[in-house]
Amino acid sequence: MIWTKRSCDWIFLRDWKIERMNFTVLTLFPEMFASLMVGGIIKRSVENKRISIQTIDIRDFASNRHRTVDDRPYGGGCGMVMKPEPLAGAIRHAKGRHPEAFTLLLTPQGRLFDQAVARELAGCRGLILICGRYEGVDERIRQDLVDEELSVGDYVLTGGELAAMVVIDAVSRLLPGVLGNEASAQEESFSTGLLEYPQYTRPSSFEGGQVPDTLLSGDHGAIRNWRREASLIRTFVKRPDLLLDLPLTSQDMRVLEKLQQELQAIIEKHSTPF
Ligand code: 4FV
């Protein structure tokens with residue numbers, strides 16, 4: 001485990017008893033999370049008690065009658081900063097309800113969220129997700145009340161809410177009993193480390209586009225090889241970086257060597273003076 005302050009060591013816990021995963025979201029816009037309950041896998045997982053999603057309005061922990069949650073930055077500068085008191089109140093309230101939960105602050109300064117991080121978080125008993133707004137949160141919250149900072153990408157959002165929804169979605173679908181069949185989570189992009197192979201469904205012919213014969217053959221061995229080769233080539237073309245530290249099979253190496261020979265032939269063909 002590479003997480004710092006407190007990591008989630010869970011595998012053993014879950015083996016004999018399926019527990020509900022709790023997401024507690026601290027936000028100034030709790031109504032935004034109603035959209036998760038409109039339909040789909042997340043709604044169904046809440047209904048069949050595989051996950052629970054609670055929102056806490058940070059403004060409910062503001063101490064003055066104007067329920068102020070932000071203020072001007074010390075040292076000047078533009079924008080506003082989220083005040084520590086309402087945040088600390090909301091975090092302690094959430095920790096009181098879910099002492100085992102792992103507390104995450106969504107921020108562009110955080111560790112980059114990816115499928116491997118999603119798998120790690122899927123092992124936690126609960127997550128407290130802090131959604132910043134304005135220019136961010138008072139540094140003392142980050143230092144004293146946050147287990148980890150998480151970023152969903154190198155861009156700046158108006159708030160952490162959409163980032164929290166991304167985390168809830170990506171983590172929930174890795175929990176047992178959430179996806180129709182767990183198998184699909186095994187074969188998808190990033191679970192094998194490769195990009196997913198091309199998918200087709202009926203009709204077998206659409207606007208001149210044909211489904212590859214191998215997929216219609218019923219030969220599962222050939223289909224498996226075809227899909228692995230397609231994933232490999234697609235990953236080479238779109239995300240060659242993913243191939244650098246990925247364990248490759250001897251079959252994979254043969255595919256890449258064949259690609260290299262074809263590329264070499266093309267380069268030589270176009271580099272020899274006419
Ligand atoms: C963000 C991200 C993000 C920064 C200022 C909210 C905004 C505002 N969160 N990954 N990228 N947050 O841009 O997680 O407080």
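Trainee: Which residue does Arg67 meet in a salt bridge?

Mentor: A salt bridge is a side-chain nitrogen of Lys or Arg within 4 Å of a carboxyl oxygen of Asp or Glu. Here the side chains of Arg67 and Asp60 pair up, N to O, at 3.4 Å. This is a predicted model: local features need pLDDT of at least 70, side-chain atom pairs count only at pLDDT 80 or more, and totals for chains, interfaces and linings use all residues. Side-chain values use heavy atoms, without hydrogens and water, and residues are numbered from 1 along each chain as its sequence is written.

Trainee: Is Glu120 buried or exposed?

Mentor: Buried means under 20% relative accessible area, exposed over 50%, partly exposed in between (1.4 Å probe, protein chains only). Glu120 is buried, at 16%. Its salt-bridge partner is Arg111, with the closest N and O atoms 3.6 Å apart. Arg111 is partly exposed, at 25%.

Trainee: Which helices hold Lys258 and Glu229?

Mentor: Helices (H or I, at least four residues) are DSSP runs, numbered from the N terminus. Lys258 and Glu229 form a salt bridge, closest N and O atoms 3.9 Å apart. Lys258 sits in α11 and Glu229 in α9, so the pair ties together parts 29 residues apart in sequence. Lys258 is partly exposed, at 43% relative accessibility.

Trainee: How many salt bridges does the rule give?

Mentor: The count is 12. Shared partners join Glu139, Arg142 and Glu149 into one network.

Methods: Helix = DSSP H or I, 4+ residues; strand = E, 2+ residues; numbered from the N terminus.
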